[in-house]
2 protein chains.
Amino acid sequence: MKQRPPTIKDVAEQAGCGIATVSRVLNGSGSASADTREKVLAAVDALGFEFSALGRSLQSNSTKTIGCIVPSLANPIFAEVVQAAQHEAHREGYQLILACSEYDEELELQAVRTLIAKKIDGLVLTVNNAEDSEALALIGKRQVPCSLVYNRSVHGLPSWAIDNRSAAREAARAFHGHGHVQTGFLALRFNRSDRSRERYEGFVEACRDYGMAEPLLLEIEEQDGNLLDLLGTLLTEHKSLTGIFASNDFLALAAMKAARALGRRIPENLSLIGFDGISTGLMVDPHLTTIETDPRTMGQGAVQTVLARLLGRPVPGQPAPDTTFRFRPGGSLGPPDPGRTDGREAATSLPSSEQPPNRLSSRQESPT
Amino acid sequence: MKQRPPTIKDVAEQAGCGIATVSRVLNGSGSASADTREKVLAAVDALGFEFSALGRSLQSNSTKTIGCIVPSLANPIFAEVVQAAQHEAHREGYQLILACSEYDEELELQAVRTLIAKKIDGLVLTVNNAEDSEALALIGKRQVPCSLVYNRSVHGLPSWAIDNRSAAREAARAFHGHGHVQTGFLALRFNRSDRSRERYEGFVEACRDYGMAEPLLLEIEEQDGNLLDLLGTLLTEHKSLTGIFASNDFLALAAMKAARALGRRIPENLSLIGFDGISTGLMVDPHLTTIETDPRTMGQGAVQTVLARLLGRPVPGQPAPDTTFRFRPGGSLGPPDPGRTDGREAATSLPSSEQPPNRLSSRQESPT
DNA sequence: CCCTGAATTGGAAACGTTTCCAAAATGTCT
DNA sequence: AGACATTTTGGAAACGTTTCCAATTCAGGG
């Protein structure tokens, strides 16, 4: 009965040779006679020896490990990013150490510290506020090969990110195209995410450009289970809005639900556009209109970028901004009910109009 | 300009003392004069020194790292498991190394090998087939502290798992209670998951006990994007079924969609029960009837179990089987349309009956 | 001012690898 | 058989820590 796992020394002893020889045989580096090779292999087999990555890493100054920090896995977008990152890393023989910042800058910084101490070879992460992130500062100082995901490039770091502003402009354009004027922007932890802010800013700008009213910022501080109630309150407080752009699909779907609970019909009484393009948006009726993004490509790209730098390969180019998202039509966006537009139009028809065009557009999903 | 990160040796030199002293000061072990303590701290500050976890781990024989293997993060259940596991590990100062087996036993085994080589202190994992898993065998041989998640206990390993059989019996009971006789069990990668099989077996048994027909096994081999088409085909091939129990919520929702595309109404023409209790089930209309599970508790519990063993604490008991799931009523389950039951009942009412009890039961959701 | 016990200190071994280097063994050619 | 080239081998250093242990310093009591 062995207690500790066998080391290379045990193998050497068993095989009757030096540890250097064992190392060479097992790594295929240097030469060895057929005889000793055989003896070493036999010893390895007998002892069930496996190299310890620790000694190896200490010596080689490389852990074959890359860190990955995302705000949360509750958001399927990040789950996909991580999944893709893990997959890509694995393909190249790297492991992934995962940390969740939980939208907390303190945790974020701490995670970076720990990962650096663990001597990760590279880092792939989404920070909460890229502009003035202590975490990124530390990364810069320590020169850790790194790529951002879902954050705009900053300090010259490579980044695989959505062009949030342009995407938000698309949403504004869609609203405008359907005749909406009074819109709102719905966000969950607005101050905790620069992504949300960028979407808001792009949306506001574009609404202004289209001559629409300034969008209302509908902000929800924390999600404590009563999200639907909070949304219900918000919706009743702002009856005049005909369209809401949500900073993510989950929020949009929740808003959809809350609006329905209030007896409002989608999209006649309220149009909704989400962000991210999670598959759930295609399970509801009508389909959620949204900005579709591709988290898998982002996660994969970020890892490739880091690995390329690590392995001295040509670093892949970052994605062209206009390819980072795609407007996905769906039935949750339609013309506002003329009966209750913001006072300027004549009120004529009843809220029962069953807009066929929306049904139609809700067919457009294509299973990815 | 320092190139490599500073080591304890650099600090010692800068502070003008031995490395042992630096170690003692920084770790608060052993004594040190106020004078040297100060000098060491100053040197640390000046150099920006941080311990390397590598040397430390090599010496202490502990990496403060635990491995986590799940089939995939695409399933929100596992995303939540991982999230909770990560959180719990972090709480105790441990990092999480993540690996996805992608429902592949080969990858699973390989992941275990790599993690062991990386000298993880413990392991938390969901395997595809617990009974005869090479991965588990290896874990057993190497004596890695470990806990299963979502797999039934095996080889005496601790496990945080759903009582799949009993849960499936609940589903059968519900179907029976509503008068269903001809049911089916829908699974995605049936042979790749013992969880799916257990659910099936429990369902079959219970259906037999209730005097219902033997459930049809509706198996989908691989998910290649045309999932909805495949489901559509399956549904038209098996028109006689009035209720389908799906091995997870995602499948159930997809089936719901596919059935609707065929013009069938839920639940009048087809009742559906899912498994897992993902929140998406509450976003659709009617709500998905399902077996609700608590992946967070499972992930957290598994990590606690492993950590307890690692830290010599009393190991928490595993959850009582009957607390591992909860039947969640929803509008997707209702009495079958008598007009097309399997021939034994009289056909009386029209398919337009708008079952109020189901609507009611669909209200029962409580935001977690 | 010397002695004792306690506090402080640094050298060195150990953890498991890889790799440099020189030594030993083997082979080849006159 | 001797000289030399080549292959095979193992000792030892290095990677960055912790910790044992012996040596040094210090404080205070005689």
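**Exercise 1. Relation between the chains**

Determine which rotation and shift superpose chain B on chain A in this predicted model.

*Solution.* Step 1: chain B is superposed on chain A by a rotation of 180° with 0.0 Å of shift along its axis, and the RMSD is 0.1 Å. Step 2: this is therefore the relation of a two-fold axis. Step 3: in chain B, the C-alpha nearest the axis belongs to B:I97, at 2.2 Å from it. Step 4: the same surface serves both copies, as 100% of the contact residues of chain B recur in chain A.

**Exercise 2. Helix α12 of chain A**

*Solution.* Step 3: the buried residues of α12(A) include A:P295, A:M298, A:V303, A:V306 and A:L307. Step 4: the buried residues of α12(A) pack against β1 (65–70), α5 (76–91), β3 (122–125), β4 (146–149) and β5 (159–160) of chain A. Step 5: just after α12(A), A:G312 adopts a positive phi of about 70°.

**Exercise 3. Cysteines**

State how many disulfides a search of the whole structure finds, and classify A:C17 and B:C207 as buried, partly exposed or exposed.

*Solution.* Step 1: a disulfide is a covalent bond between the sulfur atoms of two cysteines. Step 2: the search finds zero disulfides over all chains. Step 3: A:C17 has a relative accessible area of 22% and is partly exposed. Step 4: B:C207 has a relative accessible area of 0% and is buried, the cut-off for buried being under 20%.

Key:
Residues numbered from 1 in each chain as written. Chains lettered and ligands numbered in written order. Predicted model: local features only at pLDDT ≥ 70, side-chain atom pairs only at ≥ 80, totals over all residues. Heavy atoms only, no water. Buried < 20%, exposed > 50% of the residue type's maximum accessible area, 1.4 Å probe, protein only. Helix = DSSP H or I, 4+ residues; strand = E, 2+ residues; numbered from the N terminus. Contact = heavy atoms within 4.5 Å. Disulfide = S-S within 2.5 Å. Least-squares fit on C-alpha atoms with pLDDT ≥ 70 in both.
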